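Please look over the model below before reading my comments.

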Amino acid sequence: MKKIMSRNTKNVLVVSFGFLLLFTAYGGLQSLQSSLNAEEGMGVISLSVIYAAIILSSMFLPPIMIKNLGCKWTIVVSMGCYVAYSFGNLAPGWASLMSTSAILGMGGSPLWSAKCTYLTISGNRQGQKHNKKGQDLINQYFGIFFFIFQSSGVWGNLMSSLIFGQDQNIVEVPKENLEFCGVSTCLDNFTVIGNSTRPSKHLVDTLLGCYIGVGLLAIIFVAVFLDNIDRDQAKEFRSTKGNKSFLFILFWISF
């Protein structure tokens with residue numbers, strides 16, 4: 001019986017949906033940082049720490065982790081770094097948030113480098129197997145990945161909208177009252193009659209619990225269903241192509 005889907009295509013779909021789940025959680029949480037952790041700009045500063053750590057880690061971590069763990073387990077370990085950030089938001093403080101931000105940043109560069117390496121090796125292997133041009137299959141695999149991955153922003157924000165929409169204390173402010181509002185002042189002091197900035201703690205914890213659950217599901221999904229590319233192949237690929245990790249991270253930041 002003819003196979004409906006090749007093993008390499010299956011692996012591409014596993015990577016794609018794993019990233020979709022992971023960034024459904026992280027993307028939604030990232031977009032809420034300036035609101036959930038607005039005190040002293042803690043949320044925005046945590047995002048700055050994340051990207052500073054990503055830039056630093058891109059200089060040395062990806063080749064070390066991929067050569068020693070292989071692509072699959074580098075992806076799994078790095079996904080765990082993202083989930084750690086969600087745990088840090090359960091009890092947000094300078095120590096918990098900044099430390100988990102640094103952990104996420106350390107895992108960000110290896111995650112994207114391992115993904116790029118994995119898809120490239122898969123495309124080359126599929127091309128050799130069917131006597132096709134590897135570059136064409138690599139382009140196809142990356143297209144499939146981003147077609148699936150880019151919808152993560154929709155699902156993450158939809159999840160937060162549905163959960164926070166249940167908050168009964170959010171004040172409804174007429175549009176005309178906002179016409180002359182600035183960043184810190186308004187003609188009407190309407191904020192005293194309701195919660196116009198942060199939802200109740202119960203709903204925040206519910207959302208964070210959902211994000212953590214989705215992130216853990218991504219880790220389990222990849223760990224169980226993604227085939228482990230031979231570690232020597234990943235090592236050979238890295239040494240042949242050179243250390244492109246910094247280019248990968250610039251590519252990641254653009255998204």
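The notes below go from the model itself to single residues.

1. **Basis.** This is a predicted model: local features need pLDDT of at least 70, side-chain atom pairs count only at pLDDT 80 or more, and totals for chains, interfaces and linings use all residues. Residues are numbered from 1 along each chain as its sequence is written, and side-chain values use heavy atoms, with hydrogens and water left out.

2. **Confidence.** pLDDT is the predictor's confidence in each residue, from 0 to 100. Its mean over the protein is 81, and 75% of the residues reach 70 or more. Residues 191-196 have pLDDT below 50. Beyond near neighbours in sequence, that stretch has 10 contacts in the model (contact means heavy atoms within 4.5 Å). Residues 242-255 also stay under 50. For them the model has 28 contacts beyond four places in sequence.

3. **Fold content.** The protein has 10 helices and 0 strands. The order from the N terminus is α-α-α-α-α-α-α-α-α-α. Helices (H or I, at least four residues) and strands (E, at least two) are DSSP runs, numbered from the N terminus. Take the contacts between residues at least 6 apart in sequence: 83% of them join residues at least 24 apart.

4. **Burial and surface.** Of the 255 residues, 45% are buried. Buried means under 20% relative accessible area, exposed over 50%, and partly exposed in between (1.4 Å probe, protein chains only). The accessible surface comes to about 13200 Å². Carbon and sulfur atoms account for 63% of that surface. These areas come from the Shrake-Rupley method with a 1.4 Å probe; for residues, only the protein chains shown count as cover.

5. **Nonpolar patch.** Which residues form a nonpolar patch on the surface? They are Ile55, Leu56, Met59, Phe60 and Ile64, with about 470 Å² of accessible area together. Patches are made of residues with over 30% relative accessible area and no salt bridge; like charges are joined within 9 Å, nonpolar side chains (Val, Leu, Ile, Met, Phe, Trp, Tyr) within 5 Å. Ile55 sits in helix H3 (residues 42-57). Its relative accessible area is 34%, so Ile55 is partly exposed.

6. **Salt bridges at Asp227.** The whole structure holds 3 salt bridges. A salt bridge is a side-chain nitrogen of Lys or Arg within 4 Å of a carboxyl oxygen of Asp or Glu. One of them pairs Arg7 with Asp227, the closest N and O atoms being 2.8 Å apart. Arg7 is in helix H1 (residues 7-31), while Asp227 is in the loop between helix H8 (201-225) and helix H9 (231-241). The pair is 220 residues apart and links distant parts of the chain. Arg7 counts as exposed, at 51% relative accessibility. Asp227 counts as partly exposed, at 22%.

7. **Second partner.** Lys10 also meets Asp227 in a salt bridge (3.3 Å, N to O). Lys10 has 25% relative accessibility, so it counts as partly exposed.

8. **Within helix H8.** Lys201 and Asp205 meet through their side chains in a salt bridge (2.8 Å, N to O). Both lie in helix H8, 4 residues apart, about one turn of the helix. Lys201 counts as exposed, at 56% relative accessibility. Asp205 is partly exposed, at 28%. As for shared partners, salt bridges join Arg7, Lys10 and Asp227 into one network.

9. **Leu90.** Where does Leu90 lie? Leu90 is in the loop between helix H4 (61-88) and helix H5 (94-130). At 33% relative accessibility, Leu90 is partly exposed. Leaving aside neighbours within four places in sequence, Leu90 is in contact with Asp205, Leu208 and Ile212. Leu90 and Val204 are 114 residues apart in sequence, yet 8.4 Å apart in space, C-alpha to C-alpha.

10. **Thr24.** Is Thr24 buried or exposed? Its relative accessibility is 6%, so Thr24 counts as buried. Thr24 lies in helix H1. Neighbours within four places in sequence aside, Thr24 is in contact with Ser152, Trp155, Gly156, Met159, Tyr211 and Val214.
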